[in-house]
Amino acid sequence: MKQTLPIGRALLIAAIAIVIYILVIFNTPQLDSYFGMAMFFSTPLVFAGVVVWCYILLFLERKQIMAPHLFFRFSIPFLFFSLLFWVCANVGNDPLISAFQQYTFAEYMEYFLDFMKNALLILGSLFFVMATLFTLLVKQEQSIEEIRQA
Amino acid sequence: MNVYQKNTILLLVLVACFGLTIGYGYGFKNKIRQPELPAKYLHYQPMDSGLNTPNFELVPVLDGLANEVVFEAPIHVGKGVLIHAKSLEYSKTYRSIYYRMDSTGNLTDSLVYHNEFPSALVHGYLMHKDHYYSWPLNGDTTKQAYLPINSNLKWSGREMLDNFFVLNAKAEASEFIKYDAIWKADDPQYKLGIDQVRFLIKGKWYAFFGAGLYAYRLVEKDDAVLADQLHAHQVLGKGDPNFELAYFHKTSRYLSKPTDWHGIGFVDLIFKHTGNIPTDTLKIKAEMSLQENVHQKTSTVNYTDIKLYGRPALNYSLLTVGNRKYYVIRNKRKSP
């Protein structure tokens, strides 16, 4: 069994994902205007990223690295990119959680959960839409070699 | 192992990575590594708690936070002190308040101005354009006019100057007003450049007029305003002789500057006595900041907010925090 994704379908996935992405960033009150604008102007980048990601996913599934299932198609990239953003946001001169503030564990977790809430809204919705559409639109092709071998 | 099992393990690894970053951040980057607060500093009290020693007491007297005003440095008037406060922001209800403290450090009176201001405080008198108040000295709120000496400009030239110098020598205090501050632009006096000089003679203010008198103005250093006796910062224990910083305990790091810390400073406020009374120490604690100098391995404690005012002629000292609160430090033994 071989999966393929025609470029037209990949572009359709990206187009729908972009609509959801814009809806989400305009409805996220936590994003201050500067960050919100940055996210809005990175829309073309996100569009290209979605198309590229569809083919990366296709490649990873062909190589038997990623499981061809909606749950994994959503959760692994979501957690991976959330972790990436989380780590990037907490290194450097102006970390998301400042060092030596003596927060209680509850306060510390509140900051973390606040981050995860935003990540779930933006990255989560994006990857969920992508995973769902990918699952619906990916073409399953039986190769002639497989039938002969069967 | 099939691809589903591999992906499940990958998911768990990702979740564990989140756990590790939180564990590392909370465990190693959140707590400040410093010794526990030594027991001898536990009994240091915040300034609001009514500190007492056998000889001294520290009493809160004015709270600007409650009235949305900010205080200025105290002014020594007569035997007491005058503290000027003004609204934090310019608005319709802009207020300017004078508080009067007597010779024992008790608040006795206040004078509130709404959208109107005295132009100056000279020798304990609140000066306005056409009148003055002696309220800072005696609590009298009646408007008093400047008694004119030569409003008809009967003298001029040499004669006018001679009279001016006679009065100037006789006066305890004087205030010079330039012509453009008293006359309208279409007044003949404005065109002649007639300045006004106010002389304080035996408790009354007199107005003297003459062209070009403003040039004789002497800028005297106003020594009525009390000067802050603290240096605003010190390397632990080496700074202000009667405001000794005994210890500093960090509470959090500045968000923008990794070398600066918020914290609590523990201060010995020392009062040396004359005669056989031993030295007295008020032990207070207050919020301060610490700046670490990495290259010289020293730390400087900053307490720019805290100011101590006093002078030998006064029976008490005044302590202010951020110009928002005033405390009086009184000697309980000294009878006024």
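Predicted model: local features only at pLDDT ≥ 70, side-chain atom pairs only at ≥ 80, totals over all residues.

Residues are numbered from 1 along each chain as its sequence is written, chains are lettered from A in the order in which they are written, and side-chain values use heavy atoms, without hydrogens and water.

**The interface**

Select chain A and chain B. Here 28 residues of chain A are in contact with 26 residues of chain B (contact means heavy atoms within 4.5 Å). The two chains bury about 2600 Å² between them, 67% of it on carbon and sulfur atoms; this is the accessible area, taken with a 1.4 Å probe, that the two parts lose on being put together, summed over both. Next, highlight Phe100(A), Gln102(A) and Tyr108(A), which supply 29% of the area that chain A buries against chain B, more than any other three residues.

**The nonpolar cores**

Select Ile13(A), Val50(A), Trp86(A), Met130(A) and Phe134(A): these have the most contacts inside the largest nonpolar core, which has 50 residues. Such a core is a set of buried Ala, Val, Leu, Ile, Met, Phe, Trp, Tyr and Cys residues joined through side-chain atoms within 4.5 Å; buried means under 20% relative accessible area, exposed over 50%, and partly exposed in between (1.4 Å probe, protein chains only). The largest share of this core, 15 residues, comes from α5(A). Helices are DSSP runs of H or I with at least four residues, and strands are runs of E with at least two, numbered from the N terminus. Centre on Met130(A): leaving aside neighbours within four places in sequence, Met130(A) is in contact with Ile13(A), Ala17(A), Val50(A) and Trp53(A). A second, separate core of 27 residues includes Phe100(A), Ile32(B), Ala286(B) and Leu290(B).

**Salt bridges**

Select Glu175(B) and Arg198(B), whose side chains meet in a salt bridge (2.9 Å, N to O); the term denotes a side-chain nitrogen of Lys or Arg within 4 Å of a carboxyl oxygen of Asp or Glu. Glu175(B) lies in strand β14 and Arg198(B) in strand β15, so the pair ties together parts 23 residues apart in sequence. Both residues are buried.

Move to Glu292(B) and Lys250(B), another salt bridge, with the closest N and O atoms 3.0 Å apart. Glu292(B) is partly exposed, at 26% relative accessible area, whereas Lys250(B) counts as buried at 15%.
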